[in-house]
Amino acid sequence: MGLLVCKFGGSSVASIEKINNVAVRVKNMQSEGNSIVVVVSAMGDTTDELLALAHTIGNELNLREMDALLATGEQQSAALLALTLNNMGIKAISLTGWQAGVHSDSNYSKARISSIDTKRLEKELMAGKAVVVAGFQGISSDGDITTLGRGGSDTSAVALAASLKADRCMIFTDVDGVYTADPRIVKEAQKLPVISYEEMLEMASLGAVVMQPRAVEFAMLYNVEVEVRSSFNLQPGTIITEVSDMEHQRIVTGVTHDTKCAKIGLYDLPDKPGVASLIFNKLAQAGVNVDMVIQSATRKEHNDIAFTISSDDLPLALPVIENLVKEIGASGMSYGDKVAKVSIVGAGMQSNPGVAAAMFAALAEENINIQMISTSEIKVSCIIDEDSIDTAVKALHRKFKLDQLSC
């Protein structure tokens, strides 16, 4: 007998029929002697529909009120699943994020969990109930509803598992697990039975949409074992855990890609202390996360800086950059969103030289130009033309023989 925290995504609860399937799965897990906490996302495209509805009012929308609106999607799913379980003879109760004790900061639409009070959850579990929690949400110190950003239900689930000291956190989704590449692009992609926290964090941050990066970070920080598996079959999934000897098993674990990228360049910046600090502080204040950064060599006491951001943040970033060009005295700026990021990730890269060279060779063989490069101990990322992304992913998957990966 154990305590399981199970998260079901939007595609898993997209209809009453699918909610019924989830309820059957929960009933079966409980019948095996497990206590169950279920975290749910909004049904199907509900969040997008709520966003679209709000934008019929206008484009300048108060973020506090938007959080109050968007949080209703998960509450709907939670109540419907609890009703279904009760109809099956399973004692169940639905809780909003704040009823479940999830406390957050006041950064509306991108809030972070600050603490979880598990008293209510423990009381309901002790009463033998399956507890269904609305994911993606918490409550600030001011008593306001906050949301945790897209994919925030993953973070809710992992945080609850950590706080409750659950035996495992299970992320049920519409894929069978974590693959060596997106199987929609590479049909030979292999499912990984096990992946390390570090590798999964890099893959999630670099475009793999299986899990939200913050959820993986939470799991790594609190040593929560996570299994990603399908809602629609009973096959085992991918376990995300601490794997100390993984670097001896494989050099490159996977290829990821991200097409939601934009590149911004600033030209002829004064080469003096404080310029980069000013630029990136202003962007941070506007809520823009910066990814890759390249600074050119100094020429005549000036240089250029180029960086990438999410294409979703381009409307926030451009006014800031245009003002900075005037403030700093740069000669100009440019931007574009027809770029994409392709990355290779693997723990074995730390102790195997030549991996980056092999990546660049694979791209060159396909006549793909590299615009920017970023590296860490276990990943190499390149910015390329968006039109070349599928070709790049396939070429890298072949280059590192990931279809022959010994998992």
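Q: How much space lies in the largest cavity?

A: A cavity is a space where a 1.4 Å probe fits but cannot get out. In this predicted model, the largest cavity holds about 40 Å³. The count of cavities of 30 Å³ or more comes to one.

Q: Which residues line the largest cavity, and which element gives the largest share of that lining?

A: The lining is made up of F8, S12, K18, N21, V22, S231 and F232. Helix α1 supplies the largest share, three residues.

Q: Now the pockets. What is the volume of the second largest pocket?

A: A pocket, unlike a cavity, is an open set of points. Here the second largest pocket has a volume of about 240 Å³. It is lined by 15 residues, and R25, N28, M29, R229 and L234 are the closest to its centre. Two or more lining residues come from each of α1 (16-31) and β9 (168-173), with α1 giving the most, five residues.

Q: Where does R214 lie, and is R214 buried or exposed?

A: R214 belongs to helix α7, which spans residues 213-222, and is buried. A salt bridge needs a side-chain nitrogen of Lys or Arg within 4 Å of a carboxyl oxygen of Asp or Glu. R214 has none: E217, the nearest side chain of opposite charge, is 6.1 Å away.

Q: What does the side chain of R214 reach, then?

A: The R214 side chain reaches the backbone oxygen of L148 at 3.0 Å. Leaving aside residues up to four places away in sequence, R214 touches K110, A111, R112, I113, L148 and T155.

Note on methods
Residues numbered from 1 in each chain as written. Predicted model: local features only at pLDDT ≥ 70, side-chain atom pairs only at ≥ 80, totals over all residues. Heavy atoms only, no water. Helix = DSSP H or I, 4+ residues; strand = E, 2+ residues; numbered from the N terminus. Buried < 20%, exposed > 50% of the residue type's maximum accessible area, 1.4 Å probe, protein only. Lys, Arg positive; Asp, Glu negative; His and termini not counted. Polar contact = N/O pair within 3.5 Å; in protein donor to acceptor, adjacent residues only side chain to side chain. Contact = heavy atoms within 4.5 Å. 1 Å grid on protein atoms, 1.4 Å probe; cavity = no way out; pocket = protein on both sides within 12 Å on 5 of 7 lines; lining within 4 Å. Points joined across faces, edges and corners; volume = space filled by probe spheres on them.
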